[in-house]
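Thanks for making time this morning. I would like to take you through one protein model, from its overall layout down to a few individual side chains.

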Amino acid sequence: MSKRLIELMTLADALTPDEQLSLISHLTQRLQHCEIKRKPSRNLMEFAGIAPNLLGGMDAQEYVTRMRRGEFPDLELANQQLEKQK
């Protein structure tokens, strides 16, 4: 939230209930004439395969377990991939 919005909300809180209703009515009428663009929703399937072989064949549960132990299998995977390329 912007500082300006927070300031306006604080000012609105100080208004009487009738004044708040008038403010709501004013804002509602203004918004009826505005075109509000919504962010396009993303289909989850768009992300399928975005990072294939990220774990280099390692089981995801094993990866998580090793990360929790403080191991860094991602470094091992990078080395394995470099060795495969040789």
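This is a predicted model: local features need pLDDT of at least 70, side-chain atom pairs count only at pLDDT 80 or more; totals for chains, interfaces and linings use all residues.

Residues are numbered from 1 along each chain as its sequence is written, and side-chain values use heavy atoms, with hydrogens and water left out.

The pLDDT, which is the predictor's confidence in each residue on a scale from 0 to 100, has a mean of 81 for the protein, and 80% of the residues reach 70 or more. Among the elements, α1 has the highest mean pLDDT, 95, whereas helix α4 (residues 73-85) has the lowest, 67.

As for layout, the protein has four helices and zero strands, where helices (H or I, at least four residues) and strands (E, at least two) are DSSP runs numbered from the N terminus. Of the 86 residues, 6% are buried, and here buried means under 20% relative accessible area, exposed over 50%, and partly exposed in between, with a 1.4 Å probe and protein chains only. The accessible surface comes to about 8400 Å², of which 57% belongs to carbon and sulfur atoms; these areas come from the Shrake-Rupley method with a 1.4 Å probe, and for residues only the protein chains shown count as cover.

Now to helix α3. Which residue forms a salt bridge with R66? The partner is E62, with the closest N and O atoms 3.6 Å apart, and a salt bridge is taken as a side-chain nitrogen of Lys or Arg within 4 Å of a carboxyl oxygen of Asp or Glu. By that rule the count comes to one salt bridge. Both residues lie in α3 (residues 60-68), four residues apart, or about one turn of the helix. R66 is buried, at 13% relative accessible area, while E62 is partly exposed, at 38%.

D59 sits in the loop between α2 (17-31) and α3, and is partly exposed at 45%. Just after α3, G70 takes a positive phi of about 95°.

Finally, the surface: M1, L5, I6 and M9 form a nonpolar patch with about 420 Å² of accessible area together. Patch residues must have over 30% relative accessible area and no salt bridge, with like charges joined within 9 Å and nonpolar side chains (Val, Leu, Ile, Met, Phe, Trp, Tyr) within 5 Å. M1 lies in the segment before α1 (3-13) and is exposed, at 75%.
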